[in-house]
Amino acid sequence: LVQGLEQLRDVPCVTPDGHRMPLLVNTGLLADVARSLDRGAEGVGLYRTEVPFMIQDRFPSEKEQQATYREQLEAFHPLPVTMRTLDIGGDKALTYFPIKEDNPFLGWRGIRVTLDHPEIFLVQTRAMLKASQGLNNLRIMLPMISSPFEVEEAQHLIHRAYSEVLDEGVDVPMPPVGVMIEVPAAVYQARELIQLVDFLSVGTNDLTQYLLAVDRNNPRVADLYHSMHPAVLQALTLVAAACREAGKPMSVCGEMAGDPAAAVLLMAMGCDVLSMNATNLPRVKWLLRQITLSDAKALLDEVVELDNPHLVQATLHLALRNMG
Ligand code: PEP
Ligand code: MG
């Protein structure tokens, strides 16, 4: 089977009835690049910029960041690389920037930190823009957004960074900007949010945690953590509808996108791009190449009626097995 999956590298992810689904990867380190390209990734849907920050003992300088980002952008060029601005706090700590809180997942994390420290955000976005010179495959994505106001503030800073790099003589186009949907509030404001940006990308890891009030890292409640919970599926459906109405793309970049059975549901909802760990990409491609979009939609109609995640999972697996 592994050999079979390897041969999938150069074939497109297209269903038997001709529906095309781009499969992108989530990266963090340069080491992720080779295995991603090996598995036929069509770009990066989530580059976790905090990863290079986590392996340092101080904030990387603008020049250092620029070099790191350039490596990612060059490696995938001309394919798109979606760089998420620094997402620290919660479970991701920097030794040189400690955050002590009783409730870190409800605290100072992601965009909240960088809007309070615009100097960190400006250095990072300038580094991204400079790194993209001559390549133009950069996209910027904002983590942990819970209100349109934060997007406006972040965009204001991105525009400032942009005019600063232009002033330095760097000639780059303004990259597309997107928002991650990982806080329940953002699901209900997806219509407003998509008006402000070019794309939405659902982070199902955090969205599941916050919708179900289940810590994503706590083994004691791990049984309750389920991305196929009907509430998560309904949330995804709302986001997909908002993107469809706006005529802008929706992607999913949480672990859910790398689960082949879940990927079938996401495709059926109208999700335009899936981004996942490179390890899972061949299996997702294999399954999507077996199932028609219309069968996937029928399956989605069936499982959204179910009232618990275990039933969703079991029904899906049974149906997929019956399809061969
Ligand atoms: C997510 O929350 O689903 C996500 C992709 O971001 P991270 O796992 O880095 O929090
Ligand atoms: Mg997240």
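Reply: Methionine 144 sits in the loop between strand 4 and helix 7 (148–167), where helices (H or I, at least four residues) and strands (E, at least two) are DSSP runs numbered from the N terminus. This is a predicted model, in which local features need pLDDT of at least 70, side-chain atom pairs count only at pLDDT 80 or more, and totals for chains, interfaces and linings use all residues. Residues are numbered from 1 along each chain as its sequence is written, while chains are lettered from A and ligands numbered from 1 in the order in which they are written.

Me: Is methionine 144 buried or exposed, and how do you know?

Reply: Buried means 20 or more other C-beta atoms within 10 Å of the residue's own, exposed means 12 or fewer, and partly exposed is in between, with C-beta atoms placed from the backbone. Methionine 144 has 25, so it is buried.

Me: And what makes asparagine 136 partly exposed?

Reply: Asparagine 136 has 13 other C-beta atoms within 10 Å, so it lands in the in-between class. Its place is the loop between helix 6 (118–131) and strand 4 (138–142).

Me: Which peptide bond is cis?

Reply: The one from histidine 77 to proline 78, with omega near 10°. Proline 78 is in the loop between helix 4 (62–76) and strand 3 (81–84).

Me: What makes four of the residues around ligand 1 count as charged?

Reply: Asp, Glu, Lys and Arg count as charged; Ala, Val, Leu, Ile, Met, Phe, Trp, Tyr, Cys and Pro as nonpolar; and the others, Gly among them, as polar. The shell includes Arg48, Asp87, Glu182 and Asp206, and by class it has two nonpolar, four polar and four charged residues. Helix 10 gives the largest share, three residues.

Me: How do you know the chain is predicted with confidence?

Reply: pLDDT is the predictor's confidence in each residue, from 0 to 100. The chain's mean is 96, and 99% of its residues reach 70 or more. The model also scores ipTM 0.99 and pTM 0.96.

Methods. A residue is near a molecule or strand if its C-beta atom, placed from the backbone, lies within 6 Å of it.
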